Amino acid sequence: MTGPAVVLVGPMGVGKTTTGMALAERLGTTFRDTDADIVAGAGKPISEIFIDEGEPHFRELERQAVRAAVAEHAGVLALGGGAILDATTRELLSGLPVVFLEMGVAEAVKRVGLDAPRPLLAVNPRQRWRELMAERRPLYMEVSRAVVSTEGRTPEDVAEAVLDALELRKA
């Protein structure tokens with residue numbers, strides 16, 4: 001098989017990184033996060049990229065990071081919350097074992113917080129969250145083989161649910 005063993009998509013704060021690390025450990029493989037790749041390449045946090053260069057520049061960096069990671073990484077891969085906005089990225093994910101991690105707005109506010117450095121949630125976070133999810137949910141669904149809720153679950157529980165959803169349990 002070529003490409004990642006599992007790709008995790010979903011909104012900011014849903015737990016893609018934490019779940020991804022737990023999942024990689026269970027599968028005996030490595031973990032990679034495209035947001036971390038972008039930060040490492042740019043030498044600054046994503047919030048600063050948004051402020052200094054703007055969202056279109058960030059989205060181009062994200063597109064490149066996803067393309068590189070899908071081509072190079074065979075383990076568990078977590079994508080940034082907005083990576084699925086790009087049509088070429090969605091096409092790239094076609095046929096891969098993608099799982100959409102989801103949570104509701106109340107859980108999102110609890111996890112992400114209202115003062116976190118999330119540029120897309122800077123003004124009216126609850127309303128903006130609803131708008132982002134209305135825009136992105138159909139795209140997350142389009143690229144995913146399975147949907148796993150993270151509500152009220154530990155990252156370990158979510159990792160187990162992902163293994164079940166993708167039928168990746170070892171006999």
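**View 1. The open five-stranded sheet.** In this predicted model, five strands form an open sheet in the order β2-β3-β1-β4-β5, with parallel pairing. Strands here are DSSP E runs of at least two residues, helices are H or I runs of at least four, and both are numbered from the N terminus; two strands pair if DSSP finds at least two bridges between them. β2 (31–33) and β5 sit at the edges, each pairing on one side only. From one strand to the next, the twist averages 25 degrees. Residues are numbered from 1 along each chain as its sequence is written. As the model is predicted, local features need pLDDT of at least 70 and side-chain atom pairs count only at pLDDT 80 or more, while totals for chains, interfaces and linings use all residues; side-chain values use heavy atoms, with hydrogens and water left out.

View 2. β4 and β5 run parallel and are joined by four bridges. V99 has A146 as its bridge partner in β5, and E102 stands opposite S149.

View 3. The axes of α2 (residues 34–42) and α4 (residues 55–72) come within 9 Å and cross at roughly 115 degrees. Axes are lines fitted to C-alpha atoms, for helices over the stretch in contact, and angles run from 0 to 180 degrees between N-to-C directions. T34, D35, D37 and I38 of α2 meet F58, L61, E62, A65, V66 and A69 of α4, where contact means heavy atoms within 4.5 Å. α2 also lies across β2 and β3, running at about 60 degrees to β2.

View 4. A nonpolar core is a set of buried Ala, Val, Leu, Ile, Met, Phe, Trp, Tyr and Cys residues joined through side-chain atoms within 4.5 Å; buried means under 20% relative accessible area (1.4 Å probe, protein chains only). Of the 39 residues in this core, V9, L23, L93 and V162 touch the most other members. Elements giving two or more residues include β1 (6–9), α1 (16–27) and α8 (155–165), and α7 gives the most, with six. L93 touches V7, V70, L79, I84, V98 and V143, leaving aside residues up to four places away in sequence.

**View 5. A second, separate core.** This one has six residues, among them I38, I46, I49 and F58. I38 and F58 also turn up in the contact of α2 with α4.

Technical notes
Buried < 20%, exposed > 50% of the residue type's maximum accessible area, 1.4 Å probe, protein only.
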